[in-house]
Amino acid sequence: MSPLDSPKPAARAPLRPDLALIAEMVAPGSRVLDIGCSDGALLEFLAQERGVTARGMELAQKNVNACVVRGLSVIQGDADTDLVEYPSAAFDYAILSLTLQATRDPRQVLEQMVRIARHAIVSFPNFGHWRVRMHLLFRGSMPVTEALPERWYETPNIHLCTVRDFIALCRDCGVEIEEAVVLNDRQHRAGLTTPHLANLFGQKAVFRLKKD
Amino acid sequence: MVMDRPRTGGTRTAANDAELQRGLTMEFGRDTPLMLDCGVALGPFTLAYQTYGTLNAERSNAILVCHALTGDQYMTGIHPVTGKPGWWSLMVGPGLPLDTERFFVICVNVLGGCMGSTGPKSLNPATGEPWALDFPVITVADMVRAQKLLIDQLGIDRLFCVTGGSMGGMQVLQWAASYPDKVFAAVPIATAARHTAQNIAFHEVGRQAIMADLDWCGGRYLAEGRNPDRGLAVARMTAHITYLSEPALHRKFGRRLQDRSSLTFGFEADFQVESYLRHQGASFVQRFDANSYLYITRAMDYFDLAQEHGGKLANAFRNTPVRFCVVSFTSDWLFPTSENRSIVHALNACAADVSFVEIASDAGHDAFLLDEPEFSETLAGFIAGCAEHRGLNGR
């Protein structure tokens, strides 16, 4: 069934755990831009449950159309090229969920996010996760895991990083980490008090950032 | 179809054409003429319009639809001149995206038009003869100023939505730029914030075809009892090609022959596509005024919203409270996605609330008039979302 067949689902499916984590980082009533908003699940939740002014940008036209049919304000656009159009501090939060690793220039995307919004929330699959390390160490082939399900020749992920790498990028860009949480493969949460453990056991990481 | 005739303070005049008797008209500018962009003060003048559905007690459910170059106020129901369904019958009606059981839908024949609103074929009060080329040149902004007068007379302080395709979309953008506090939502469809050189060029071909027709008589054909049918038909044929796409033409006609099995080695309409265009031209001249065609194409040519705002389109929408949904079609080469996207870019630059949808269709520019389910769903979804934000109750 295409998403267009059911414009208003009767009951909303629970948010994916990483999206629920992002939603908790967003203050009610704020202005949010969700970059790579996919089918708009997070946007719809934020708009209806948190009363945020929700906007979305999405690369796939089919997803964009499905979002607009659901009454969400979404445009077709590319994180790599279209963020530069927005004025500075236009939003309270710019969200990029599990998309950074698929952008051509993650550093520039990150810098644009902290420019157009007071806070950036970024989530990504952690390439430092122990299963990824084991896969590479023992099988000697590109890891295929729950969080990284595609094989090397079909994945859109061209800039994978570890928690450690991302922290280093933030430091290089002058971006302050306000909050950081990792989700292990049972979707349990852990903070970043011991970064090397977070980097080992975190399957996905969610960072809330702001410009220093 | 529910035909609601709201009580207004406006002066209603008798419809000026017998075939338009069912239509609504309102007169303006008798005391205070309308200042046009060209510097002429126009008044009195008439606007012909149609309404569908019922205005609610709060007067908050009004949708203004702006028609395209050769459209008119008869969006749905049987057209009084052609006897065919109105141009947006698929979109306006009970249960349709512009739901007349929920919304009060208004469409006004543009100033300069020929379906009851004052235009070059109307009588010039100064001479008692048709205005012809003495009619002042109209702009898209003038059309919108005139519509604003009518909306005021209907007692509507703020339109719930303004929408329209092509030149209608230009009016939508002009409404949002000129009266941002009077528009809750705006849906410009298959349009542009400025008419491109290519589009001006096509219009010029159409105008030259009309003016080259000896029956045009320097524009005074009505006074001479003649009509430049051939010129107007050629203008329509040229324009019609730009409304389609190569794949659509190929799908509809290919190289198929018309009522014959072999080429005639002459200049009759051998091909189906020729026959089709001739038919389009011939039927168009039955319902459209040649001088109106000159004036309205000129209005589109002159449209450049950025130029009015220091050359920067974003300035036209600074701090706009309007919620936008821009729609384009993949095969539209007259108002391509790139032109629509530049509107989106300008709206992003002022952090406006904007949705942007490109609909996959091979029907060309005309797609906004056709049965395109994804387009209907988008429009319905956007309007439903806006109605929720506006606090308009469902049915």
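In the predicted model considered here, helix H3 of chain A is followed by Gly71(A), a residue whose phi is positive, near 85 degrees. The helix itself covers residues 61-69, and its buried residues are Val64(A), Asn65(A), Ala66(A), Cys67(A), Val68(A) and Val69(A). These buried residues find their packing partners in both chains: within chain A they pack against strand E2 (53-58) and strand E3 (73-76), and from chain B they meet E11, E12 and H9.

The contact between the two chains involves 22 residues of chain B and 18 residues of chain A. On the side of chain B that touches chain A, at least two residues each are supplied by strand E11 (323-329), helix H8 (337-349), strand E12 (353-359) and helix H9 (373-390). The most is given by H9(B), which contributes 8 residues to that side. Sorted by class, the side of chain B that touches chain A is made up of 10 nonpolar, 6 polar and 6 charged residues.

Considered as a whole, chain A contains 8 helices and 8 strands. Taken along the principal axes, the C-alpha atoms of chain A fill a box of roughly 50 × 45 × 30 Å, and 46% of the 212 residues count as buried. Of the contacts in chain A that link residues at least 6 apart in sequence, 63% join residues at least 24 apart.

The secondary structure of chain B amounts to 9 helices and 12 strands. With 395 residues, a compact globule would have a radius of gyration near 21 Å, and the 21 Å found for chain B agrees with that expectation. The C-alpha trace of chain B spans about 65 × 50 × 45 Å along its principal axes, while 51% of the 395 residues count as buried. Where contacts in chain B connect residues at least 6 apart in sequence, 69% of them join residues at least 24 apart.

Two helix pairs within chain B were examined in terms of their packing geometry. The axes of helix H1 (residues 140-153) and helix H2 (residues 167-178) of chain B come within 9 Å and cross at roughly 65 degrees, which makes H1(B) roughly perpendicular to H2(B). The crossing of H1(B) and H2(B) is right-handed. On the side of H1(B), the contact is made by Val140(B), Ala141(B), Met143(B) and Val144(B), and on the side of H2(B) by Met170(B), Gln171(B), Gln174(B), Trp175(B) and Ser178(B). By class, this contact of H1(B) with H2(B) has 6 nonpolar and 3 polar residues, with no charged residues taking part.

For the second pair, H3(B) packs with helix H7 (residues 290-302) of chain B at an angle of about 160 degrees, the axes being 10 Å apart, and the two helices H3(B) and H7(B) are therefore roughly antiparallel to each other. The crossing of H3(B) and H7(B) is left-handed. From H3(B), the residues Ile200(B), His203(B), Gly206(B), Arg207(B) and Ile210(B) meet Ala290(B), Tyr293(B), Leu294(B), Thr297(B), Met300(B) and Asp301(B) of H7(B). The residues of the contact of H3(B) with H7(B) divide into 6 nonpolar, 3 polar and 2 charged.

Several backbone features in the loops of chain B also deserve mention. The peptide bond that leads from Gly43(B) to Pro44(B) is cis, with omega near -5 degrees, and Pro44(B) is located in the loop between strand E3 (41-42) and strand E4 (45-52) of chain B. Because 16 other C-beta atoms lie within 10 Å, Arg59(B) is classed as partly exposed. A positive phi, near 40 degrees, is likewise found at Ala190(B), a residue other than glycine, which is placed in the loop between strand E10 (183-189) and helix H3 (197-212) of chain B. With 30 other C-beta atoms within 10 Å, Ala190(B) is buried, the cut-off for a buried residue being 20 or more.

Notes. Residues numbered from 1 in each chain as written. Chains lettered and ligands numbered in written order. Predicted model: local features only at pLDDT ≥ 70, side-chain atom pairs only at ≥ 80, totals over all residues. Contact = placed C-beta atoms within 7 Å. Helix = DSSP H or I, 4+ residues; strand = E, 2+ residues; numbered from the N terminus. Nonpolar A, V, L, I, M, F, W, Y, C, P; charged D, E, K, R; others polar. Buried ≥ 20, exposed ≤ 12 C-beta atoms within 10 Å, placed from the backbone. Axes fitted to C-alpha atoms, helices over the stretch in contact; angles between N-to-C directions. Parallel < 35°, antiparallel > 145°, perpendicular 65-115°, else oblique. Left-handed = near helix turned anticlockwise from the far one by under 90°. Rg over C-alpha atoms; globule rule 2.2 N^0.38 Å.
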